[in-house]
Structures are given as structure tokens and as C-alpha cells.
Amino acid sequence: MKICNPANGALITEIEADDAAAVAAKAQRARAAQPAWNAVPMAERKACIARFRDALAAQVDLLAETLTAEVGKPIRQSRNEILGVQIRLDFFLAQAERSIASETVFAEQGLTERITHEPLGMVANVSAWNYPYFVGSNVFVPALLTGNTVLYKPSEYATLTGLQITRLLHECGVPTDAFIVVPGGGQAGAALAEQRIDGLFFTGSHATGVRIAAALGPRMVKLQLELGGKDPTYVCEDAPVAAAAESLADGAMYNTGQSCCSVERIYVHERIHDEFVEAFVATVAGLRMGDPMDEATSIGPITRAQQLDVLESQVADALARGASLRLGGKRLPGPGNWFEPTVFSGVDHGMELMREESFGPIIGIQKVSGDAQAVALMNDTRYGLTAGVYSPDERRAKHVLAQVQAGSLYWNCCDRVSPRLPWSGCGDSGIGLTLSTYGIQTFTRPRAWHLRSA
Ligand code: NAD
């Protein structure tokens, strides 16, 4: 497997991907190790993760450089991600024990009813590249804390980061057979799904999610799919225009638009539409695109070269259907995978740009006449990850948001994930959830005890 730098196309290194036999051997090791890992007291499992937390901070510069080199994430954003993981780990460390504590739910006349939480067993984690620390640790940390062993397949676009994560977990005391990395691409992922696993936790595209669901369907394996989105935001006429434009420009362009919860559609009330578009374009035009290793860079390269074709096709389709291009619109010459930050107004739902996930620095802004039209358009999608409303009127914003099909709802904010809240999607954005106390319990099987004393 060639690991290349998306900013300049240079070969960083070559890594041997696991073939089916290697994956099967690793699955056997992880399964054999599970009872012993589950027997390790929770306090010791927590101590391993606490050391991992501290190691991330101690080595943040090295880890961020690796992430930026292979994924192209601007270096400040790489450090933000790695340090941001600490907040999630703190949450898991504080909540793990309580979330899976046994509970007596009934005790009368000699009859006791109890719930215990058992680990699923040996689970597979097939992960994405865009936030490898976040989306990986959302799965493997609570899985390990609750007594599961983990086969972890990082994305082939974030392999070196996956290997760093593995090294750190082992150095911090997680046994080498309790957490095993499976380097490789789609073939290694497919081989993983064929093993005797007790759960598969996937983050990635809808297309791959469908393939995995079809492969696991007949086998009754617990499956979680965290997939893509086409996340909408509605800016009401009473919203402060400059502040909303700044916040949404960040939400659309952060990580070069390659976030599952990037703002991908903006609906603006007709009374402030023109003013908003101007402010939004000015903000995006001010973002610096360039070498992702440069501290001043906000927009880096596109990680996967194939995505450039998707972005070009969305631009061509929008132009052919009469959208007005306000900024950018072009792929830049190589080396590396570069696409200009791009803003369209005058868009509608006949355009790919407003229907299919863009996963890049490109956004459409559509004028709406009021709340009812905004709700109808926000719901006109097969996805449902997040949705937002900008307005000073809390009652109105909540009323609009309550009508939108999405797992996370934002009032005057966007592109935000909290470890305290469940992260999930409706429709083609997936099934299951991570984060919150539910995202700890999801790695366990609740068991029902009916105990009669006589
Ligand atoms: P992808 O689907 O191309 O790859 C995801 C993972 O699946 C990779 O590790 C890949 O090697 C593996 N894979 C590919 N084919 C496979 C197969 N047949 N069987 C098993 N595994 C296989 O997605 P990506 O490009 O890595 O990630 C981008 C997508 O992920 C976007 O759609 C984004 O919205 C989504 N995403 C969602 C969330 C969320 O929390 N909902 C978070 C991050 C990313």
C-alpha cells in the first residue's frame, strides 16, 4: 500500500496491507485475548486509557505532523483534533463505570430482577480518514473500557495515524492482543467483516456501509453505521448576518469541507439573502489555502484524488442548471489534490450540489420565503445527520428544528460534536450511535436476571 501526501503527491512510505489470512489470524488472537482483558479490573482498563490521553498531549506535535502529511489536514486543525480527543476520553473515563453498572430494577416478595452489562466480545472497527482520532476513539475507547477486544482497521488514507494510535495504546498498557491494527483498504475491511466478530462498528460512506450491511445481514452480527450527510442550515431574517456568515463559513470549510457534519446546504430568508451571500463570500475568500504544514493555512488539499471528480461534476451540473458561481469553482493544477473554496447562490434541489454529499470546500446557498419552505427543503434529503437554525428567537428556532429529521440539532451553531450527547443519524446517515452514555452501553449486551429466592 502506497502512502502519499495529498498536498504534493509525494510518496511518504509503503506499508504491507493485511491479506485475508493475516486478518483471520489476528481475529483468532483478539478472540482468544478477550476473556483475560475482560477480567482486568475496570480501574486498570481506565488507567491504560488515562495514560493514552496523556500520551496524546505529550506527543501532539509528532502525531499532528503525521496526520497532516498523510491526510492533508491543516496542521492547526490536526493539533485541535488530537487535543480535542482528550475531552472525549475524559468523558468516557468519568462515565464508563456508571454506564454499565449492574442494576436491580425490582425486588419484592423474594423476586429480584437485575440487569447486567456484558461486553459484546471481540469487535471490529472499520474507520474513516477525515477525523481518524475522533471517529476511531469514539469506538475503540468505550469498546476497550467495557471489556471488548478490538480489531481496528484505520482508513488506508490514515494508515500511519492508525499505526501511531496502536503504538500508543500498547505503550500505555493495552495488551497487544486486546487491540490489533489491520492495515489495508477495502479488501482488508471486507475480510474483517467475514471473521467471527461480535459487532462491527463502521464509519465511512453510505456506499461502503450498504456493502457491509449486506455482507453481515444473514449473520446476526451487531452493526453500527456512521455514514455521510448533506447537512442543512436555515438563516432566518432576524439573524445577525455577519456573525451567521462567519460561523457558517467555518462550518462549511473547516477540514477543507471534509467533515461528516460539514454544513452542505444553506437556506437564507429572502429578506437578508443578498446581504448574507456577500458576507459569506467575503469570509470564505479570506480563508488561506496552501501548504497544510503552514500554521496560517485554513484550507488544505482534498485527501482522496477521486473526490476532485465529484466536486468538478457538481460544479458543472450546477452551472448547467443556472446556478450563479460566486467564488472559486475550479480544480487547481497539481502536484497534489487541490480544489478552490467554492460558493454558489441561485441553487435548487434539481442540482447534485444540493442533493449529494460534496465532502469538499463547496457550498450552495438557496433563497427561501419563510420557515415552512425552509423545513420542507431541509427535509428533502435521504440523509439526516445534523441540521441548524440561526435566529435570536429561541422558540422559533426550536419549532423549526423539531420538524427536521436529523440526529443532531443546532441553534446558532454548527459542525459541533459533544461527547456528552449521542451522535447518530436518520435515514442514509446510518444506524446506531456513538458518544454519550448510550455510546458506552452500545458495546455491551444487557442481560436480564430473574432471581427467585425460594
Ligand atoms: P469509505 O466508505 O471510502 O471508507 C471507510 C472505511 O471502509 C475505510 O477504512 C475503507 O478501507 C473501508 N472499506 C472500503 N470498502 C470496504 C468493504 N467492502 N468492506 C469493508 N470495509 C471497506 O469512507 P471514507 O472516505 O473513509 O470516509 C468518508 C465518509 O465517511 C463520508 O461519507 C463521511 O460523511 C463519512 N463519515 C461519517 C461520520 C459520522 O460520524 N457519521 C464521521 C466521519 C466520516
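A word on the ground rules before we look around. This is a predicted model, where local features need pLDDT of at least 70 and side-chain atom pairs count only at pLDDT 80 or more, while totals for chains, interfaces and linings use all residues. Residues are numbered from 1 along each chain as its sequence is written, and side-chain values use heavy atoms, with hydrogens and water left out.

Let's start at the ligand. There are 29 residues around the ligand, and Ser127, Glu156, Ser205, Thr208 and Glu357 come nearest; a residue belongs there if one of its heavy atoms lies within 4 Å. By class, that shell has 13 nonpolar, 11 polar and 5 charged residues. Here Ala, Val, Leu, Ile, Met, Phe, Trp, Tyr, Cys and Pro count as nonpolar, Asp, Glu, Lys and Arg as charged, and the others, Gly among them, as polar.

Now for some individual atoms. Glu156 places a polar side-chain atom 2.6 Å from an oxygen atom of the ligand. From the backbone, an N or O atom of Gly204 lies 3.2 Å from a ligand oxygen atom. How much of the ligand's accessible area does the protein cover? The answer is 91% of the 850 Å² that the ligand has on its own, by the Shrake-Rupley method with a 1.4 Å probe.

Which elements give two or more residues to this shell? They are α7 (186-194), β8 (199-203) and α8 (206-216), and α7 gives the most, with 3 residues. Helices (H or I, at least four residues) and strands (E, at least two) are DSSP runs, numbered from the N terminus.

Next, please find helix α11, residues 306-320. At 1.5 Å a residue, its 15 residues should span 21 Å, and the end C-alpha atoms are 22 Å apart, which agrees; the expected span is 1.5 Å times one less than the number of residues. Several α11 residues are buried, including Leu308, Leu311 and Val315. Buried means under 20% relative accessible area, exposed over 50%, and partly exposed in between, with a 1.4 Å probe and protein chains only. After α11 comes Gly322, with a positive phi near 95°.

Phe359 is not a glycine, yet has a positive phi of about 55°, and is buried at 14% relative accessible area. Asn412 also has a positive phi, about 55°, but is partly exposed, at 35%.

How values were computed:
A polar contact is a pair of N or O atoms within 3.5 Å; within protein, one must be able to donate a hydrogen and the other to accept it, and residues adjacent in sequence count only if both atoms are side-chain atoms.
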